[in-house]
Amino acid sequence: MCGIVGLHLRDRTLYPELGALLSGMLDQMCDRGPDSAGMAIYGDPIWSPEGHATISLLETPLPRADLAAALTSRLGVEATAFDLAPTAVAHAPVTAEQLHDAVRAIAPTARVIGFGTDVTVLKGMGNPTALAHRFGLPNASGWQGVAHTRMATESAVTAEGSHPFSVGPDQCLVHNGSFSNHMSVKHTLEREGIVFDSENDTEVGARFVAGQLAGGVDLEKALLMLNETFDGFYTLLVSNKDSFAVVRDAISCKPAVIAETDRWVAMASEYRALADLPGIDSARIFEPEPEEVYVWHRQ
Amino acid sequence: MTDTATTFDLRTTTVRSTNKALQAAGAPARSVITAPRGAHALACGLDSDIDVTIDGHVGYYCAGMNQHATVTVAGNAGVGVAENMMSGTVRVQGDASQSAGATAHGGLLVIEGNAAARCGISMKGVDIVVGGDIGHMSAFMGQAGRLVVCGDAGEALGDSLYEARIYVRGTVASLGADCIKKEMAAEHLAELTELLAAAGIDADPTDFTRYGSARQLYNFHVDNAATY
């Protein structure tokens, strides 16, 4: 099944409540995928401090102190690393690409699960609510967040297999459903030189979108191209540095509900994940139409 | 019978105990379920002539398998509202998600707002009246019953339809395989008038177009029975 939740805040006075609201939404989706979860927060001042790039890693061979020291030495500016096991998070006052390259050089076997100037990605195994609390998600603040509970289908239950798949700067893609032609798309992308981290079908979608965005198209166009390229059943929530987007396949049998108020836009697999959001009683609530791309931009 | 409604507050009681009380032989004649907050399978399997109002949005499969009861959702309904209903009335005052009234054999389902994809899929005798629009693949493989749509219909309306009858006031994005526009005879206007009245929806029956099966997908001929 998988469960998706996402919250894009318009009202700045809600920023301090982002983590608490997102945790409550995630809690309602535990039974759609109780074994593992992932989450991404945009704009938390501790996890992704302003003026710094942030990177999230799994399977880091270095202890956190050594990772920070090695990054500081390589970058020539002070880097910080901290442990949100199994995820490690590091940041430094450099560009996202510089930090990414430095991590690749220092710890080539570490798996990068997210990087950018705004986003922190956290993944792990176990009950999603317990995991969110262990990470400290309820205390997080920021302007946008997405989270996912996974019912594994085509690859094993691992932290790496959790969504979101974040393969481009400040980008996240979470998926409810499955792609049926992902192997042929993957082979095409591999021939273009794209390297994959996992056997997961969703990673193929994320790499496809990242490739389109890197090529200069906007998010809406990238998702329209995804619709043309991918077969299968899917609801996707795709976010980046300034946008929050939802798209479904032509059949649209995977659930999705969107609620919108002047203060926020939220999306979830089921309404019950939205029931506690402030002002939900006066929200505009609707289901996204098949193959229509819905995008909201940060104001 | 008393006019006082029994209240089930889902902040303090469970869906299971609420359903059990409503399914019991001595179920209260009138009930209100408060704080549903999108809970699944509310007011399912009811089997007596009772009146249940749910005050808020519900999750999946609300009022499934209903017999005899009248269930009103004062909000939106999730996937599969009134699925496999046998009799009684289910009214959704807001919107309904996909597969509303799926496989239902009888009774009346009224959705005052819009219904999403696959409304009335494989309907087997239920009457469904939708105040707004319906999504794609609605009445797919509909076998019996009537579907009335006061707004517009999405793609592939009535795909592989058997004998269900469809009335649409607005536009139809496309018709599915074997579904065709049909003439509105006096008997159809009378039927539609009755359905709109039963649903409490004020609309002029002459504004509607009837759709039904062209029966081109009926490939069995009794002359060939010996070969099966």
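1. On one side of helix α4 of chain A, A:His133 and A:Arg134 are exposed (over 50% relative accessible area, 1.4 Å probe, protein chains only; buried means under 20%). Helices here are DSSP runs of H or I with at least four residues, strands are E runs of at least two, and both are numbered from the N terminus.

2. This is a predicted model, where local features need pLDDT of at least 70, side-chain atom pairs count only at pLDDT 80 or more, and totals for chains, interfaces and linings use all residues. Residues are numbered from 1 along each chain as its sequence is written, chains are lettered from A in the order in which they are written, and side-chain values use heavy atoms, without hydrogens and water.

3. Back to α4(A), residues 128-135: A:Pro128, A:Thr129, A:Leu131, A:Ala132 and A:Phe135 are its buried residues. They fall within an arc of 160° seen down the axis, so they line one face of the helix (the arc is taken from the directions from the axis to the C-beta atoms). Their packing partners in chain A include α1 (18-28), β4 (80-84) and β7 (119-125).

4. Now the helix ends. A:Asn127 caps the N-terminal one, with a side-chain oxygen 2.9 Å from the backbone nitrogen of A:Thr129. Just after α4(A), A:Gly136 has a positive phi of about 85°.

5. What about A:Trp264? Leaving aside neighbours within four places in sequence, its contacts (heavy atoms within 4.5 Å) include A:Leu7, A:Arg10, A:Pro278 and A:Ala283.

Conventions
A polar contact is a pair of N or O atoms within 3.5 Å; within protein, one must be able to donate a hydrogen and the other to accept it, and residues adjacent in sequence count only if both atoms are side-chain atoms.
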